[in-house]
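I opened the model to look up helix packing and the chain contact. My notes follow.

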Amino acid sequence: MFFDVLLIGIMVGAIYTLVTIGYSMVYSILKLMNFAHGDVYIFGTFICYTLLEKYNIHPLLAILVAATLGGILASIVEIVAYRRLRSEQHRMISMITALGAAYVIQNSNELQWGNQVLSFPPILNAQTLHIFGLAVPVTQILILIIAVGLIVLFTLFLKYHPYGKAILCVSEDIPTASLMGIPINKTITMVYFIGGMLGVVGGILYSTSYSAVSLAMGFRGTIIAFTAAVIGGIGSLGGALVGGMFLGICENFIGVYVSSSYRDPITFLLLIIILLVKPTGIMGAVEQSKV
Amino acid sequence: MLTIKSLESGYGKIKALFGIDLEIKSGEIVALIGANGAGKTTFLKTVSGLIQASKGTITFEGKRVENLRPEQIVNLGISHIPEGRMIFTQRSVETNLEIGAFGRKDKKEIGQDMEKYYEMFPILGDRKKQKAGTLSGGEQQMLAIARGLMKRPKLLFLDEPSMGLAPVLVNQIFKIIKDLHKTGLSVLLVEQNVKKALKITQRAYVIELGRIVHQGKSSDLLDSDEIRKSYLGEI
């Protein structure tokens, strides 16, 4: 029982990490709370749902199309709602347009897919294997592999690809990055695109493991990403991983051993306690101000 | 090489440059000197595209560049090494150099250039895997210069390279700048260390409150009573 809960906790944690990466990267570059993040991810998940239910498309292709469309939507939000307002002095303004963008996407989603819980089809093999008398839940392990694989892939991209390094430099210092010849707008749009894509894949994995997708999961996605990013230390990849895992594991243990109705209250209580003890998050460093 | 005519710019409604004319010929090393707040950094930032010019023209190698973005200007061949070095402190020394070569496709030659600068600044070679933020001020300045050179620029802007450095390092940095000029690089040097700047440059401009008030041969300016009085604290 304990290990089942732990495994599912880790799986949910890996999914939360995927959802958090985009949110946290955007924050690290622009110091912007991207309120539209969760609505973009649920948009992509709905697209995947429609492709699977209505058009019977191969799951892999459906995920790819949905993630790409999610990435494009995230980029459009950046170009239309944030880019012109990008300024050190007026961060509040883009915060408000972020909220606006979130509502526009949320309501469009509602027009298209309604606000009921829809049943999401199983896209991964749902059998349980029995090895040496242990029940191994194949679906959960597959989901975990996909999620961890994407996290590793993104980490390698940041570390070794020229544009990955460019993203890290832009997040450290935009004017100096531009003096290096890094195209700032293109790099930032890329962050939104990748963040949106990873978020959508996270949303699809989440929905398939709980066999459900609903409009409300969009807002919850934003809250999850925010909480995980803050717990782990906002702005860093390691922080997203630690925060996502923490949330996923906590939630599952509380849900199973206490009560699922106390899941969110206790999780957020932990958030408050962690922030009181370490305001920069578990992995967060003290932000140095530049002179 | 670089011709600037009646350039004006500033921050929002606050104007900082009031019609600057300046020229740098190919292969020249030129100083821009002036007091704090005179507009030296604003001038460099305007030419390299970090600040939008509100009036005037900037022509680099026959091409008008005043409306280009910084990443476009650096790709034309002007490398701006900013005040305060502004290295990427969270990244390794190596990554800082690699990012300096951003956009260059000649992988092999990038590697050769990096080796060249590790040789020129052995301390950078020793510490290439370390976070750049762990370097000392002088080492960071060397990294900033090497990073700016990774683009293989034709013209180098140096903003206060000696700021905050110990005297022995100041001499070293000035020697490096002199050597770079000898390799054929054109240089515009902004400095508060007026005496040293005038000694290693061929020509100089003096900026006061956003206007050029003197210009001429550096050696003549060094001898001028007014410069010695206002900037060298002599007489």
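I first looked up what covers the buried residues of α6(A): the cover includes α1 (2–30), α5 (138–160), α7 and α8 (184–210) of chain A, together with α3 (93–100) of chain B. Helices here are DSSP runs (H or I, at least four residues), numbered from the N terminus. The model is predicted: local features need pLDDT of at least 70, side-chain atom pairs count only at pLDDT 80 or more, and totals for chains, interfaces and linings use all residues. Residues are numbered from 1 along each chain as its sequence is written, and chains are lettered from A in the order in which they are written.

I listed the buried residues of α6(A) as A:Lys165, A:Ala166, A:Ile167, A:Leu168, A:Cys169, A:Val170 and A:Ser171. Buried means 20 or more other C-beta atoms within 10 Å of the residue's own, with C-beta atoms placed from the backbone.

Next, the chain contact. I found 17 residues of chain A in contact with 20 residues of chain B (C-beta atoms, placed from the backbone, within 7 Å). On the chain A side, α6 (162–172) and α7 (174–179) each supply at least two residues. α6(A) gives the most, with six residues.

Last, a helix pair. I saw α2 (residues 37–53) of chain A pack on α8(A) at an angle of about 60°, axes 8 Å apart (lines fitted to C-alpha atoms over the stretch in contact, angles from 0 to 180 degrees between N-to-C directions).

Note on methods
Contact = placed C-beta atoms within 7 Å. Buried ≥ 20, exposed ≤ 12 C-beta atoms within 10 Å, placed from the backbone.
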